[in-house]
Amino acid sequence: MARPRTQEARRAALIEATYAAGRTHGLRSLSLTDVAAQAGLTRGAILYYYEDLDALLVEAHAAGVERFCDARDATIAELADPRAQLAAAIDAGLPSGPDDALMSLLYEFDVLAGNSALHDELVQKLYLRQLETYRGIIAAGRTSGAFSPGLSDDDLAMTFVALEDAYGLHIVGGNALMTVEKAAAAMRAVAAELGCPPVG
């Protein structure tokens, strides 16, 4: 039996292989064979760690949510000015480009919602984490006087998450008319018009 550290490392490698294979094949047609080929393993080797493909996808989904949200919140925590925090949240919330495998898979996981209670829960968890991040920044900016929005914190947070997801989908979908820079600039402009001017 593999040692705990070896198992942890192998599971992490399989999650990375799942992201890469999912980006190539799409989640709806992804198979254990695809993940195995990406990882340089056999299907049997994967089944040693995961009961089936869905079990692997659930863990990859959960790990992706934590990675995306934790990394962004850590970046924001290093900044004191809510205006700089908002700018950082906008930048970190968008994909790095069309080839961002993690963000692409997180969006694709949405299509699995409704087919699995676990995927439903993870999709909702990501959405709630996104809302929490923006809501916290907006509240801090309102308290400090850096922001003077006319909408409630909840309405603003939902608006920023909706923009983030919409632009992100266009970016990972390969829409040549939508770049990361254009999306970030548009979100900054909207934020400023809504009384929450980002800086940095």
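Reply: From the N terminus on, the elements of the protein chain run α-α-α-α-α-α-α-α-α. That makes 9 helices and 0 strands. The model is predicted. Its C-alpha atoms fill a box of roughly 60 × 40 × 30 Å along the principal axes. The chain has 200 residues, and 43% of them count as buried. Among contacts with a separation of 6 or more, 68% join residues 24 or more positions apart.

Two domains come next. Domain 1 covers 1–50, and domain 2 covers 53–194. Their C-alpha centres lie 27 Å apart. In the interface, 17 residues of domain 1 are in contact with 20 residues of domain 2. The area buried between the two domains is about 1,600 Å², and carbon and sulfur atoms give 68% of that area. On the domain 1 side, Tyr 19, Arg 23 and Leu 27 supply 48% of the area buried against domain 2, more than any other three residues.

Now the salt bridges. A pair counts when a side-chain nitrogen of Lys or Arg is within 4 Å of a carboxyl oxygen of Asp or Glu. Side chains of opposite charge can pair when their charged atoms come close. The count comes to 11 salt bridges. Across the interface of domain 1 and domain 2, the rule finds 2.

Take Arg 11. A salt bridge joins this residue to Glu 59, with 3.4 Å between the closest N and O atoms.

Why does Thr 18 count as buried? Its relative accessible area is 1%, and buried means under 20%. Setting aside neighbours within four places in sequence, its contacts are Leu 30, Val 35, Leu 56, Leu 57 and Ala 60.

Move on to Asp 70 and Arg 129. They form a salt bridge, and the closest N and O atoms are 2.8 Å apart. Asp 70 lies in helix H4 (residues 53–77) and Arg 129 in helix H7, so this bridge ties together parts 59 residues apart in sequence. Asp 70 is partly exposed at 37% relative accessibility, whereas Arg 129 counts as buried at 16%. Both belong to a network of salt bridges that also links Glu 66, Asp 73 and Lys 125.

Arg 188 and Asp 91 make another bridge, at 2.9 Å between the closest N and O atoms. This pair links distant parts of the chain: Arg 188 is in helix H9 (residues 180–193), Asp 91 is in helix H5 (residues 82–93), and 97 residues separate them. Asp 91 is partly exposed, at 40% relative accessibility.

Asp 81 and Arg 83 also pair. Their closest N and O atoms are 2.8 Å apart. Asp 81 is partly exposed, with a relative accessible area of 24%. Arg 83 is partly exposed too, at 32%.

That leaves the aromatic rings. A pair of aromatic rings is described by the distance of the centres and the angle of the planes. The count here comes to 2 aromatic pairs. In one, the rings of Tyr 48 and Tyr 49 have centres 4.9 Å apart and planes at 80°. Plane angles over 60 degrees count as edge-to-face, so this pair is edge-to-face. Tyr 48 is partly exposed at 45% relative accessible area, while Tyr 49 counts as buried at 12%.

The other pair is Tyr 134 with Phe 160. Which label does it get, stacked or tilted? The ring centres are 5.4 Å apart and the planes are at 35°, so the pair is tilted. Tyr 134 lies in helix H7 (residues 117–144) and Phe 160 in helix H8 (residues 153–172), so the pair ties together parts that are 26 residues apart in sequence. Tyr 134 counts as buried at 0% relative accessibility. Phe 160 is buried as well, with a relative accessible area of 0%.

Arg 129 in helix H7 reaches Asp 70 in helix H4. Tyr 134 in helix H7 pairs with Phe 160 in helix H8.

Notes
Residues numbered from 1 in each chain as written. Predicted model: local features only at pLDDT ≥ 70, side-chain atom pairs only at ≥ 80, totals over all residues. Heavy atoms only, no water. Phe/Tyr/Trp six-rings, centres within 6.5 Å; stacked < 30°, edge-to-face > 60°. Buried < 20%, exposed > 50% of the residue type's maximum accessible area, 1.4 Å probe, protein only. Helix = DSSP H or I, 4+ residues; strand = E, 2+ residues; numbered from the N terminus. Domains from an automatic or database assignment. Contact = heavy atoms within 4.5 Å. Buried area = accessible area lost by both parts, 1.4 Å probe.
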